[in-house]
Amino acid sequence: MQPNPMIRSLRGPALVLALLAAVWLAACSAEPPDDHPGQPVAKRRALFKQFAKTLEPMGLVAREREPYKREKFLAQAEELARLAPQPWTYFTPDATYPPSRARPEVWSQAAEFTQAREQYVAATQTLLAAAKGDDLDAIRRAVVAVQDNCTSCHKQFRVK
């Protein structure tokens, strides 16, 4: 097998710098795996990714960047409402290890965290109710409320 011509052209310090850059980039992108029993961090992160995947198209509709298609939007709102209560059981005191991005305040301010998640779940239910109707302004407000709940919870309880 012939080496890549680009790599063959690198010599001396340039080769060393290229290799160091490759190693550094690989190290920066790698997260520790969740190999703990039950994988609570991995499970809650997967659910949050589903939140984002479901909410993002609704946000585009709310900002009038995508057309409103009632049935599609309603299905997305139903999915978000179904997902909303699921990740919270994975926030256990023993699930604070990397790759968790939860701040210690999740546990030290448990009442506030519980209130934030209840507000989020309630906002998804309000969005679902709005999606069942025909008032686009109410739908847009409900999407913004869900997004605002995400943002405020992240500011207080999530490491950037």
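**Figure 1. Contacts of Gln 50 in the predicted model.** In this predicted model, Gln 50 touches Glu 79 and Leu 83, leaving aside residues up to four places away in sequence. Gln 50 belongs to helix α3. The C-alpha atoms of Gln 50 and Leu 83 are separated by 7.9 Å, although the two residues are 33 residues apart along the chain. With a relative accessible area of 33%, Gln 50 is partly exposed; the value falls between the limits of 20% for buried and 50% for exposed.

**Figure 2. Packing of helices α3 and α4.** Helix α4 covers residues 70–83, and its axis comes within 10 Å of the axis of α3. The two axes cross at roughly 150 degrees, and α3 and α4 are therefore roughly antiparallel to each other. The angle is to be read against a limit of 145 degrees, over which a pair counts as roughly antiparallel. In this crossing, which is left-handed, α3 passes α4. On the α3 side, the residues that meet α4 are Leu 47, Gln 50, Phe 51, Thr 54, Leu 55, Pro 57, Met 58 and Val 61. On the α4 side they are Phe 73, Gln 76, Ala 77, Glu 79, Leu 80 and Leu 83.

**Figure 3. Packing of helices α3 and α7.** Helix α3 (residues 40–62) packs with α7 at an angle of about 130 degrees, and their axes are 9 Å apart. The helices α3 and α7 are therefore oblique to each other. The crossing in which α3 passes α7 is left-handed. From α3, the contact is made by Leu 55, Met 58, Gly 59, Val 61 and Ala 62. From α7, the residues in the contact are Arg 140, Val 143, Val 146, Gln 147 and Cys 150.

Figure 4. Helix α7 spans residues 136–157 and includes Asn 149. Asn 149 has a relative accessible area of 15% and is buried, the limit for a buried residue being 20%. Residues up to four places away in sequence are not counted here: Asn 149 touches Ala 116, Gln 119, Tyr 120 and Ala 123.

Figure 5. A pair of aromatic rings is described by the distance of the centres and the angle of the planes. Ten aromatic pairs are found in a search of the whole structure. One of these is the stacked pair of Trp 88 and Phe 91, at 5.8 Å centre to centre and with 20 degrees between the planes. Both Trp 88 and Phe 91 are buried. Arg 44 lies over the face of Phe 91, at 4.2 Å from the ring centre. Ring pairs also join Trp 88 and Phe 91 into a cluster with Phe 48, Phe 51, Phe 113, Tyr 120 and Phe 157.

Figure 6. Most residues other than glycine have a negative phi, and most peptide bonds are trans. Gln 39, in the loop between α2 (12–29) and α3, has a positive phi near 45 degrees. Gln 39 counts as partly exposed, at 38% relative accessibility. Glu 64 lies in the loop between α3 and α4, and its phi is also positive, near 60 degrees. Glu 64 has a relative accessible area of 61% and is exposed. In the loop between α4 and α5 (105–108) is Pro 99. The peptide bond that joins Pro 98 and Pro 99 is cis, with omega about 20 degrees.

**Figure 7. Overall arrangement, for orientation of the close-up views.** The protein has seven helices and zero strands, in the pattern α-α-α-α-α-α-α along the sequence. Of the 160 residues in the protein, 29% are buried. Among contacts with a separation of 6 or more, 75% are between residues 24 or more positions apart.

Methods: Residues numbered from 1 in each chain as written. Predicted model: local features only at pLDDT ≥ 70, side-chain atom pairs only at ≥ 80, totals over all residues. Heavy atoms only, no water. Helix = DSSP H or I, 4+ residues; strand = E, 2+ residues; numbered from the N terminus. Buried < 20%, exposed > 50% of the residue type's maximum accessible area, 1.4 Å probe, protein only. Contact = heavy atoms within 4.5 Å. Phe/Tyr/Trp six-rings, centres within 6.5 Å; stacked < 30°, edge-to-face > 60°. Lys NZ or Arg CZ within 6 Å of the ring centre and 35° of its normal. Axes fitted to C-alpha atoms, helices over the stretch in contact; angles between N-to-C directions. Parallel < 35°, antiparallel > 145°, perpendicular 65-115°, else oblique. Left-handed = near helix turned anticlockwise from the far one by under 90°.
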